[in-house]
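Work through the exercises below with the sequence and the 3D view open. Try each task before reading its solution.

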Amino acid sequence: MARRRPSFKPLPPSARDLAGRLYDARVPLGVALLALLVLGLGWWAYRTWHTGQESAAQFLLTRALVVRDRSPGAEEGEEGKEEPGKHLEKALELFRQIRDEYPSSRAAEQAVLQIGNIHYERGEYQEALEAYQAYLEEYPKGESGLLAGLGKGYALESQKRYDAAAATFRAMADRYEASFLTVEALMGLGRSLIQLDQRTEGKAVYRRIIEEYSGTRWANHARSQVASLER
């Protein structure tokens with residue numbers, strides 16, 4: 001019968017062995033630690049820069065909104081009077097500044113929408129259309145997608161481009177069917193269809209509004225439109 005050889009457990013490395021191994025690996029370890037340090041500093045610098053950019057953009061956005069909503073009236077340094085619409089021009093400049101200087105900020109998203117709103121309010125429908133379209137393209141999942149879509153539809157409607165307006169309103173109604181503003185898209189769709197002399201389709205949209213939004217001012221308006229179409 002063969003004898004079993006005695007087994008020996010390897011001894012753990014001594015402190016001197018570990019020190020030697022670390023010394024031998026000092027260059028790759030140093031490079032790795034330096035890389036980690038650079039990455040950490042880069043991330044910190046980026047976060048600091050991004051936070052500063054967002055803060056500056058939000059400050060400008062607040063200022064622009066205040067200027068936009070200010071009633072025409074007294075203005076410091078202008079003998080107590082301000083030209084009609086001057087506040088909208090000043091607000092427009094601030095919104096453009098946010099869009100151009102802080103394009104990656106959350107404030108820029110709202111600035112693009114407000115640019116469209118101001119142009120629409122001033123009757124500049126092509127400029128408004130371009131701003132709303134820019135919002136929809138740049139922020140396809142933006143928080144104000146429905147508002148931008150409605151604005152686009154209104155701008156097209158104001159240009160008497162009823163085919164495009166109807167398509168836009170229909171797309172908004174389908175995409176945001178759970179929103180409380182969906183009815184605005186349906187109302188726009190109904191108006192556009194009537195302008196296109198598609199009376200049957202227009203009445204169907206208005207009847208949908210009457211059924212789904214009964215008891216509201218929209219339903220009352222839709223009811224009066226249907227009555228007018230059936231005379």
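**Exercise 1: a lysine in a helix**

K152 lies in helix α6, which covers residues 145-158. The model is a predicted one.

Task: Find out whether K152 is buried or exposed, and which side chain of opposite charge is nearest.

Solution. 
- Step 1. K152 is buried.
- Step 2. The nearest side chain of opposite charge belongs to E137, at 7.1 Å.
- Step 3. A salt bridge requires a side-chain nitrogen within 4 Å of a carboxyl oxygen, and K152 has no salt bridge.
- Step 4. Setting aside neighbours within four places in sequence, the residues in contact with K152 are L129, Y132, Q133, L136 and T168.

**Exercise 2: the length and cover of α8**

Task: Check what span helix α8 (residues 182-195) should have, and state how many of its residues are buried.

Solution. 
- Step 1. Of the 14 residues in α8, 11 are buried, so the helix is mostly covered.
- Step 2. The buried residues include T182, V183, L186 and L193.
- Step 3. Among the elements that cover them are α6, α7 (162-175), α9 (199-212) and α10 (217-229).
- Step 4. Just after α8, D197 has a positive phi of about 65 degrees.

**Exercise 3: aromatic pairs**

Task: Say how many aromatic pairs the whole structure holds, then classify the pair of Y120 and Y154.

Solution. 
- Step 1. A search of the whole structure gives 4 aromatic pairs.
- Step 2. The rings of Y120 and Y154 are 6.4 Å apart, centre to centre, with 45 degrees between their planes, and this pair is tilted.
- Step 3. The pair joins distant parts of the chain: Y120 is in helix α4 (residues 106-121) and Y154 is in helix α6, 34 residues apart.
- Step 4. Y120 counts as partly exposed because its relative accessibility is 28%; Y154, at 21%, also counts as partly exposed.
- Step 5. For Y135 and Y139, the ring centres are 5.2 Å apart and the planes meet at 45 degrees, so this pair is tilted.
- Step 6. Y135 has 0% relative accessibility and therefore counts as buried; Y139 has 15% and counts as buried.
- Step 7. Ring pairs also link Y120, Y125, Y154 and F169 into a cluster.

Terms used: Residues numbered from 1 in each chain as written. Predicted model: local features only at pLDDT ≥ 70, side-chain atom pairs only at ≥ 80, totals over all residues. Heavy atoms only, no water. Helix = DSSP H or I, 4+ residues; strand = E, 2+ residues; numbered from the N terminus. Buried < 20%, exposed > 50% of the residue type's maximum accessible area, 1.4 Å probe, protein only. Lys, Arg positive; Asp, Glu negative; His and termini not counted. Contact = heavy atoms within 4.5 Å. Expected span 1.5 Å × (residues − 1). Phe/Tyr/Trp six-rings, centres within 6.5 Å; stacked < 30°, edge-to-face > 60°.
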